[in-house]
Structures are given as C-alpha cells and as structure tokens.
Amino acid sequence: MKLDGRRESTNVDDRRGKTYRTAGGIGLGGAVIIGLLTLLFGGNPTDVIEMMGNGMGMVEEQTQTEFSPEEQELATFAKQIMAGTEDVWTEIFRQMGRRYEPPTLVLFSNAVQSGCGGATSDSGPFYCSADRSVYLDLSFFSTMKRQFGADGDFAYAYVIAHEVGHHVQNLLGTLSQAHNQMSRVSQVESNQISVRLELQADFYAGIWAYHDNQMFGSLEPGDLDEGLAIAARIGDDYLQKRANGRALPETFNHGTSAQRSKWLKRGFSTGNLNQGDTFSPDYRAL
C-alpha cells in the first residue's frame, strides 16, 4: 500500500505502556482458553469478551516500556489506516444524509480492559460497541504471519477495516438488531446470525478498500490478494480443520474461507454499500 504522507488518526488511545493483572475470578489463562474454544466451536465473540470481563476484574498498572522501531512503524500504519476509514466512511455517511462518528482505536499490549470487559491479545482484535472502540494488539500481525502465513500491509489493513465494519454496523443499528435476534433463537441459529454479521463486516472492509483507493490511490498490485489470503485462512472451516481435523458447520460463527473471501471481494469490486445485504439471502447462498 502507498501511505506516504497520509495523515494519522487522532482518535487513538495508546495503552501499550500499561499492563493488567487479575483481581480474582477466572484469570487470564482460563479466559484465553474459553475465548479460543468459543471462537472455534461456536458462540458470539462479543459475549466471550463480556464473560471474560465479568469473571476476572482486571486492574490497570502503568509500566515503563520502550517500543522497537518496527512496532512504532506498525503503530503509525494502524493510525493511517484508521484515518483512511474515517475519511471513507465520513463521505459515505454524508452521501446517505448521516453523520459518521468514528470509533476510537485502542492499542494495547498483552491485556486490556474494555467497555465490554477484560481481554487478552490471544482474543485477537475486536470491536466493543459499549465504548465504540476497536482494540488491537500490534503483535497480532506477527501472529498472522507466523501462524497463518499471511503477511503484507493490506492484510493488516483488512483486519482493522473489518473491525471498523462492526462499528459501521453499530451506527446503522444492524449490530443491536442482530444481537437482539441472537438472544431469542437457538445456538445454531445464533451462530448463523453471527456469520451474517461477520461477512457483512468483511464486505465493509472491501468497501473501505475500494473507496480509499479511489480517494488516495493507495493500493498496489497484489494488495487485494493479500487480503483474500488472510480471509481464507481465518474461515471457520479452515480453523476448525486445522485445530481438530474436521469442521462442524453448525458451530460456524464467522463464515467459511470461501464466504469470507467472497464478501471481501464483493465489497472491493462493487464499492456499493447496497450490495452488502448478508441478512436477506438464504443462509446456504451466502
């Protein structure tokens, strides 16, 4: 991606110099295990974060931390991508006759206390609707490269843009409607609604990429392929087969590799928000 000279978002809460310890309850290790099992075998990721926070009570402690040039470079990159999402979604909302209210990007190391509860870096990046913030431990990008063989600036940008996509869903009322529905149906049906949410967030990431490129000429050859590669490696079927040798479709809550790639590509190829309805089609047609 071509980001030279691009502005950095000021909607950033950098907590990388802070650490957290548990004050009773489940503890970080147990929370991570529960979080990973839920993400792999079914359940709403937001519920996991909330459950973790309710159970452990995290106490913030300030520490002296020096960041490597590589980490500072990633921090700058994340802020530039956030600024790009702000520019794109502000214009899209303006065209809809609405005002876009950007989320806060919270950078943290190892563990963090969010408005949805306590979480660790093992939970991966997440969006918390309670405080309208995107939470990111920059070490996740190293994990992507090490565990999934996914690398490249656009792959990293896709992760951020996906979480911002959940914020867009929150502003449009989609997120609350879906969560209300999920609380009234069976676990299998709830998982399917979660898949619809996640695929739409992938679509919104593609929408951002299309318009960011239109505004700034930010994309280079191969960038989209980087995004599609990581989308394929974080599909439920891929992750479950990698974890236990088989996939359990009734527990999928993010979508298959093919679905995630499809919706990211659709957003990027159309740039049209009206093409992102993942809730009306039959579930088998997603």
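Modeller: Happy to! Let us start with contacts in the protein chain: of those between residues at least 6 apart in sequence, 77% join residues at least 24 apart. Here a contact means heavy atoms within 4.5 Å.

Biologist: What should I keep in mind about the model itself?

Modeller: This is a predicted model, where local features need pLDDT of at least 70 and side-chain atom pairs count only at pLDDT 80 or more, while totals for chains, interfaces and linings use all residues. Residues are numbered from 1 along each chain as its sequence is written, and side-chain values use heavy atoms, with hydrogens and water left out.

Biologist: Why is the pair R16 and D14 called a salt bridge?

Modeller: The term asks for a side-chain nitrogen of Lys or Arg within 4 Å of a carboxyl oxygen of Asp or Glu. The closest N and O atoms of R16 and D14 are 2.7 Å apart, so the pair meets that limit. The structure holds eleven salt bridges.

Biologist: What makes R16 count as buried?

Modeller: Buried means under 20% relative accessible area, exposed means over 50%, and partly exposed lies in between, with a 1.4 Å probe and protein chains only. R16 has 4% relative accessibility, so it is buried. Across the protein chain, buried residues make up 52% of the 286 residues.

Biologist: Why are R94 and E91 said to be separated by about one helical turn?

Modeller: Because they are three residues apart in helix α3 (residues 69-95). Helices (H or I, at least four residues) and strands (E, at least two) are DSSP runs, numbered from the N terminus. The chain has ten helices and eight strands. R94 and E91 also form a salt bridge, with their closest N and O atoms 2.6 Å apart.

Biologist: How do you know whether R94 is buried or exposed?

Modeller: Its relative accessible area is 52%, so R94 is exposed. E91, at 26%, is partly exposed.
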